[in-house]
Amino acid sequence: MKVFRLIILILHLGILFLLLGTLLNAYVPPKIFPWFNLLSLGFPVLIILYAIFTLFWLFSWKKRTFAFMLAGLIFMVPVQRWINFTSDKKETADLKVISFNVKAGLLGADAIKEYLNRADADVIMLQESGSKISVRGMEGSGENGVLKVFSKHKIVDSKELIKSDFESNNAYASQTDIEIKGKIYRFINVYLEPFKFEKGMIKMDGLKEEDERKMKNIVKRLIPVFKKHQDQVRIIKESIEQSPYPVILAGDFNSVPNSYEYYHLSDGLEDAFVKAGKGSATSFHDYKFPIRIDYIFTSKTILSVSYTVDRTVKLSDHYPVIGKFSLKH
């Protein structure tokens with residue numbers, strides 16, 4: 001039994017150090033050391049294992065339980081980025097924003113249009129929009145066929161921040177300045193470099209050599225994209241920092257919470273899910289593994305009232321995320 005407990009202790013400490021490695025994404029860019037960003041993909045599994053081992057020590061009546069419980073408190077906020085339970089806000093929302101990767105309407109452009117027309121949103125931010133999606137009674141901006149912003153309110157200005165060249169870069173970002181009740185807000189719509197995985201590329205078949213080959217190919221595909229994201233994040237952050245207006249940043253970041261992308265794009269902003277979300281923030285449902293890659297961040301002067309992942313809508317490989325905000329804060 002002592003040998004078994006020693007093995008569990010070593011494994012538990014190893015998981016703790018791996019989890020601590022995910023926190024270093026706030027400081028270490030992918031071009032210097034991309035492996036911390038790779039760890040962020042496994043955060044849900046690592047934190048579940050950490051909790052299971054902590055319970056093992058608890059039921060074994062070991063004093064080290066308290067040490068691991070205290071260390072686990074470090075990860076309370078990182079966990080909230082995946083699963084969160086906030087109390088209902090008393091404030092009244094006066095802005096509804098939807099961010100939705102619609103996969104170019106391939107799973108039903110008419111159904112997507114019907115959903116968006118019924119949504120009664122003030123601003124809709126689409127990624128992989130294609131050319132078939134429109135919304136009644138809303139002004140639109142975005143001509144690249146990937147990013148589109150629709151607004152009930154007056155669009156004052158818009159411009160592209162990142163545009164794909166299909167060789168070294170396949171990301172898009174745009175900014176749209178919208179006047180709402182006499183005040184201008186900057187909406188930044190983001191679609192970071194995709195990894196372009198097909199299901200067959202990541203499905204393990206139980207054959208050792210084949211699965212090892214797939215794992216190596218996955219890592220080979222991930223690392224270069226992480227490094228591209230670093231440059232793309234820098235451009236978007238410049239727009240945020242230089243904005244004379246309050247910012248709402250949303251889109252498909254192709255990055256999970258606790259990643260380099262998350263830490264740096266959310267810097268100085270608030271995650272609407274952490275502030276007002278309930279339940280799971282998982283937004284990409286094409287794989288069985290829980291993945292959150294869709295976000296809405298806001299300036300601190302904008303109060304998050306609610307945040308919902310609409311899992312009733314399976315019109316894409318992403319669920320739409322819906323944020324409601326108070327602009328009177």
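So, which residue stands opposite Gly-140 in S5? It's Phe-150, and I'll come back to that pair in a minute.

Quick housekeeping. This is a predicted model, so local features need pLDDT of at least 70 and side-chain atom pairs count only at pLDDT 80 or more, while totals for chains, interfaces and linings use all residues. Residues are numbered from 1 along each chain as its sequence is written, and side-chain values use heavy atoms, with hydrogens and water left out. When I say helix or strand, I mean a DSSP run, H or I with at least four residues for helices and E with at least two for strands, numbered from the N terminus. Two strands pair if DSSP finds at least two bridges between them. And buried means under 20% relative accessible area, exposed means over 50%, and partly exposed is in between, with a 1.4 Å probe and protein chains only.

Okay, back to S5, residues 147-151. Five of its five residues are buried. Leu-147, Val-149 and Ser-151 are on one side, Lys-148 and Phe-150 on the other, and both faces are covered.

Now the open sheet. It has six strands in the order S6-S7-S8-S9-S12-S10, with mixed pairing. The edges are S6 (154-162) and S10 (270-271), each pairing on one side only. S6 and S7 run antiparallel and are joined by seven bridges; Asp-157 has Asp-177 in S7 as its bridge partner. S7, residues 172-180, is mostly covered, with eight of its nine residues buried. Carry on to S8, residues 183-191, and you get nine bridges to S7, again antiparallel. Ile-180 sits opposite Lys-183 in S8. The hairpin of S7 and S8 has two residues between the strands, and Lys-181 there takes a positive phi near 50 degrees. Further along, S9 (residues 247-252) and S12 (residues 294-298) are antiparallel, with five bridges, and Ile-248 faces Thr-298 in S12.

On to the helices, and H3 in particular. Phe-43, Pro-44, Leu-46, Ile-47, Tyr-50, Phe-53, Thr-54 and Trp-57 are its buried residues. As a reminder, an α-helix has 3.6 residues a turn, so residues three or four places apart point the same way. The buried residues of H3 pack against H1 (2-23), H2 (35-41), H4 (64-72) and H5 (76-80), with contact meaning heavy atoms within 4.5 Å. After H3 comes Trp-61, with a positive phi near 55 degrees.

Points are joined across faces, edges and corners, and volume is the space filled by probe spheres set on them.

The second largest pocket holds about 210 Å³. Its lining has 13 residues, and Ile-47, Tyr-50, Ala-51, Gly-72 and Met-76 lie nearest the centre. H3, H4 and H5 are the elements giving two or more residues to that lining, and H3 has the largest share, with five.

There's one cavity of 30 Å³ or more, and the largest cavity has a volume of about 40 Å³.

Last one: Trp-82, in the loop between H5 and S1 (83-85). Buried or exposed? Buried, with a relative accessible area of 7%.

Methods
1 Å grid on protein atoms, 1.4 Å probe; cavity = no way out; pocket = protein on both sides within 12 Å on 5 of 7 lines; lining within 4 Å.
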